[in-house]
Amino acid sequence: MLLGLAAPSILIIIAVIMIPLGWLFYLSLIGKGGEFSLVNYQKMIEYKSYARVYLTTFEVSFLTTLVCILIGYPLAYFLAQLPQRMAGIFMLTVLLPFWTSLLVRTYAWLVLLQKKGLLNEFAIQIGLWETPVKLVHNMTGTLIGMAHIMLPFLVLPLYGAMRRIEPDLMRAAANLGAKPVQVFWKVFFPMSLPGMVAGSLIVFVLCLGFYVTPAVLGGGRVVMVATQITAILENQFNWGAASALGVVLLIATLIILYLAGRLLKLDNILFGRN
Amino acid sequence: MIDSSKALPIVIRGLTKKYGSLYALDSVDLDVSSGEFLTLLGPSGSGKTTLLMAIAGFNRPDSGSIRFGDTEMILAPPHRREVGMVFQNYALFPHMTVAENIAFPLKLRRIGSKESRQRVDEALSTVQLSDLGGRRIDQLSGGQMQRVALARAFVFRPRILLMDEPLSALDKKLREQMQIELKQLHRKLGVTTVYVTHDQREALTMSDRIAVINHGRFEQIETPQAIYNAPANPFVADFIGESAMLPMKRNSSGDLFYQDLLIASDYSELSDEEWLLVIRPERLFAVQDSTPASDQTIIFTGVITEFVYQGETAFALVSISDQHNLSIRFGTDSSGSQNLMRTGDTLRLGLKRSETIIIPKPST
């Protein structure tokens, strides 16, 4: 009965996810002449440039996740200490950019970071550095922009996990003789880990398929898989090669999630089992 | 048999804690002697938890002094106070096993792993959980969590133990069993214990002394017997046990009357004009129609308005005047006279003059 009620959503999932995904697999196995072949995958092994694209993709995703953790953990911690209402107001400042267009935010960073941009002029004026520093059209710019866009995906689950830690646990630890630093590392931090892992995985996986920000802020120097796929489609109109790139990324992502799951007991974290 | 290696006295003087303009604690004085089991009893918002938290160091009072033995502790952070504490919701660390939870305070004190293991085992056997050291916290029942929290609180041999309504989450049967176990444990450890509860029966069962607290002040600090038999004021009389209170007037020769009924003589030494007679339901007894009032016995006459059977006892609500009801409690043996009682019957109630509790009525 209840399964019957779920039927429409199952149909939608089949229609918009399963069928296109199957189509993607199918396309990746079609050669230029329309024949069935593995030529698309062969090319990916033959040309070193493909490997470099994947390496860049994972590097950018990993570094973005790292930057998000370094900024997001203290931020979430700060928010979790505030009274609920105050935290709500501060949380808005994290979420507000979330509601503006991705493109707008990315171009805003371009304006801020470019050679004659706000940041460079300000830094030179206060004497931080003397000649304009290249902050955009490279890895730095890409990381800044991506970390900014991804931050809420880390902060939200992390903040939720921190809020769920009972204050009495910290008191108990202090009562049992733990100094404030020990209370943090022995009780608070381990208990916030599930939230951090969940948030990090979301950020990492989202980064893998990111297109707009690396394309604009990377200035062609940071080529990720999504960028490469576009290039292949625009320049060669080669659906087979593009699909193969997507399939490999998908499989690599699944392998990473599987390994992370084995390592971190992910199903506990994502599905709330302890 | 005070053993200062096991227990420390607590001396509290003039402790005041304000939240905004509200006094959570209003210049409170309290002495808990070495090895004593003292219960802070009061309704919610009375300040009992605030006081406990001040002793543990979790809030900073505005003024006053808290000494453990001869050491002033008012400014000491919680981790330096060396007091064990059992929290209301147990506060067990969910990312550690039972044994790791109990070993936590030992690890912080850099106690070697061999001794630590030995003491954890000892603590586990004291709370009768010897086989559960490897369990995760979410695999425990409420009663088991309670015991683990207890073991963790005393394993590092604190000389003061604090408990914040530790049994409130347990069902009635388990709670009564744990009350007795806690008492036995206290006797065994000999540690000074401050126990917070809002359950008057629990306080009567467990305590050496009870400190009744209300609106941030102590109403009475006494043994359970003294609190029950000689409440200091209407609040204590009402909060502890069941009681009816009848207003009394004093005549010129110092005799106290409830309406026309002489209750007691010779109350001329105090200036109070108005007094209250506190009557516990189990102190009343039904008397025959023919029995007259005497030097020993006061007799009230009323009509039964309610009769309630409760298993081991039964009680009747008896209206003795337009404004006042008395309740009377009987044992329920099969031959008992209560079998004959019906709503609407007239009943004569006897009260021994030696059992009267008489307190001044506070001027309002």
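Start with A:C207: is this cysteine buried or exposed, and what is its relative accessible area?

Modeller: A:C207 is buried, with a relative accessible area of 0%. Buried means under 20% relative accessible area, exposed means over 50%, and partly exposed lies in between (1.4 Å probe, protein chains only).

Some ground rules come first. This is a predicted model, where local features need pLDDT of at least 70 and side-chain atom pairs count only at pLDDT 80 or more, while totals for chains, interfaces and linings use all residues. Residues are numbered from 1 along each chain as its sequence is written, chains are lettered from A and ligands numbered from 1 in the order in which they are written, and side-chain values use heavy atoms, with hydrogens and water left out.

Back to the cysteine. Its sulfur has its closest cysteine sulfur in A:C68, 6.6 Å away, and that is too far for a bond. A disulfide is a pair of cysteine sulfur atoms within 2.5 Å. A:C68 is accordingly in no disulfide, and A:C207 holds the nearest cysteine sulfur to it. A:C68 is buried too, at 1% relative accessible area.

Now the chain around this pair. Chain A has 13 helices and zero strands. Here helices (H or I, at least four residues) and strands (E, at least two) are DSSP runs, numbered from the N terminus. The C-alpha atoms of chain A fill a box of roughly 75 × 65 × 35 Å along the principal axes. Chain A has 274 residues, of which 42% count as buried. Contact means heavy atoms within 4.5 Å. Of the chain A contacts with a separation of 6 or more, 71% are between residues 24 or more positions apart.

Chain B is next. It holds eight helices and 20 strands. Its C-alpha box is roughly 80 × 50 × 40 Å, again taken along the principal axes. It has 364 residues, and 50% of them count as buried. Among its contacts between residues at least 6 apart in sequence, 65% join residues at least 24 apart.

Then the interface. The size of an interface is often given as the accessible area lost when the parts come together. Buried area is the accessible area (1.4 Å probe) that two parts lose on being put together, summed over both. Between chain B and chain A it is about 1800 Å², and carbon and sulfur atoms give 65% of that. B:H79, B:H95 and B:L108 supply 30% of the area that chain B buries against chain A, more than any other three residues. In contacts, 23 residues of chain B meet 19 residues of chain A.

Polar pairing is part of the picture. Six residue pairs are in polar contact between the chains, both residues at pLDDT 80 or more. A polar contact is a pair of N or O atoms within 3.5 Å; within protein, one must be able to donate a hydrogen and the other to accept it, and residues adjacent in sequence count only if both atoms are side-chain atoms. The count of salt bridges between the chains is zero. A salt bridge would be a side-chain nitrogen of Lys or Arg within 4 Å of a carboxyl oxygen of Asp or Glu. On the side of chain B that touches chain A, β6 (83-86) and α2 (98-108) each supply at least two residues.

Helix α2 of chain B also holds B:L106. B:L106 counts as buried, at 0% relative accessibility. Beyond its neighbours within four places in sequence, B:L106 is in contact with B:I111, B:S116, B:R119, B:V120, B:V155 and B:F156.

Another buried residue of chain B is B:S46, at 1% relative accessible area. It sits in the loop between β3 (37-41) and α1 (48-56). A polar atom of the B:S46 side chain lies 2.7 Å from the backbone oxygen of B:P43. Leaving out residues up to four places away in sequence, B:S46 touches B:A24, B:I213, B:N214, B:H215 and B:G216.

Last, two backbone angles to check. Most residues other than glycine have a negative phi. B:S27 has a positive phi, near 50°. It lies in strand β2 (residues 22-32) of chain B and is partly exposed, at 45%. B:E165 has a positive phi near 40°. B:E165 is in the loop between β7 (160-164) and α5 (172-189), and it is buried, at 8%.
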